[in-house]
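These are my notebook entries on a structure that I looked up. I record each item in the order in which I examined it.

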2 protein chains.
Amino acid sequence: MEWILASASPRRKQLFKRIVRRFEVIPAKGEEKAEDWESPSELVMTLAEQKAREVSLLPEAKGKAVLGSDTVVVYNGEVLGKPKDEADAKRMLTMLSGKAHQVYTGVCIIAPNGMRAKGAQSTDVYFCKLTDEKIDKYIASGSPMDKAGAYGIQDGGIVRRIRGSYSNVVGLPCRLVRKLKKHVEKVGQ
Amino acid sequence: MEWILASASPRRKQLFKRIVRRFEVIPAKGEEKAEDWESPSELVMTLAEQKAREVSLLPEAKGKAVLGSDTVVVYNGEVLGKPKDEADAKRMLTMLSGKAHQVYTGVCIIAPNGMRAKGAQSTDVYFCKLTDEKIDKYIASGSPMDKAGAYGIQDGGIVRRIRGSYSNVVGLPCRLVRKLKKHVEKVGQ
């Protein structure tokens, strides 16, 4: 089965390489939106499906499986996506500093025959206590700007510990993806 | 695995019995709606998922798999659901008489662990030429009122022939359901 990863994230690409040797990358461009959701799991599954769907409609996706994925950070009932600007990144990192939050990643695979499989996972993340100076330095590095919650777990000195899947926090829960992939390969041709 | 069928349709119940011996029936009550869809397949998958989701959130659905299903008739680009009243049924049956249309059924299963699998199918249906008198009689029987496109394929003298799955026209494509079920039993616990 031929695969397309509908994401521009180099971190997702790296993780997906562990699961599928060869695939194309065609990032979804459209602005995903979900207004009607009851839980963060629901939200990320819906957004992941929107990304996969957009790419699956392209002529070059015909006959291929498309994987979409979406990650959000949830702190105290607030859903954090990517920061809008540096001030927003500062607000997020200040809020998360020294506290625990959840990371939700949703995955949706659209099979060549149109069947869809999706799922979501959450991981508890415990942040280091970050000084103002450290936050400013981190933002100046540029790394926070394209990441949900304004941080990357792979960047050192930010996350103290996690409970649950690491790859889920990076943006592509490997175990879940393997499960969905197995299904799609069986029934999606 | 324990199963719930999220549909009030006795026809779906009958078909589902061929696939799963024992299950509960808890019909979804909410008004499903989908405004943003690119194709009838997309539409029926979305509506099927909304039904399954509504029921899966009930406390009595905890630990169980929930199946939702939705069927529409598509004629000449128009999507026909259940008729609003007898006049609407008459309009639909007059329109479909002697012509070919498509029936789309979408199926979504939500697994106990929250994973979702969905798919859709279409069948071509060729209608008999129906006289005005026959249409009035059929509407008077009451059968059209709870059915997409205002007819049931199991009611004699309405459908001349079909191309594709019969159970899909009745409202639950058995082959597709079996595929999705197999998947859910493997990865949805």
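How many bridges join strand β1 (residues 3–5) of chain A to β3(A)? I found three bridges, and the two strands run parallel. This is a predicted model, in which local features need pLDDT of at least 70, side-chain atom pairs count only at pLDDT 80 or more, and totals for chains, interfaces and linings use all residues. Residues are numbered from 1 along each chain as its sequence is written, chains are lettered from A and ligands numbered from 1 in the order in which they are written, and side-chain values use heavy atoms, with hydrogens and water left out.

**Entry 1: strand β3 of chain A.** I noted that strands are DSSP runs of E with at least two residues, numbered from the N terminus, and that two strands pair if DSSP finds at least two bridges between them. A:Ile4 has A:Val66 in β3(A) as its bridge partner. β3(A) is also joined to β5(A) (residues 100–110) by nine bridges, running antiparallel; there A:Val73 is partnered by A:Val103. With β4(A) (residues 78–80), β3(A) pairs in the antiparallel sense over three bridges. These two strands form a hairpin with two residues between them, and A:Asn76 in the turn has a positive phi of about 55 degrees.

**Entry 2: burial.** Eleven of the eleven residues of β3(A) are buried (under 20% relative accessible area, with a 1.4 Å probe and protein chains only).

**Entry 3: B:Asp124.** I located B:Asp124 in strand β6 (residues 116–127) of chain B. B:Asp124 is buried, with a relative accessible area of 16%.

Terms used: Helices (H or I, at least four residues) and strands (E, at least two) are DSSP runs, numbered from the N terminus. Buried means under 20% relative accessible area, exposed over 50%, partly exposed in between (1.4 Å probe, protein chains only).
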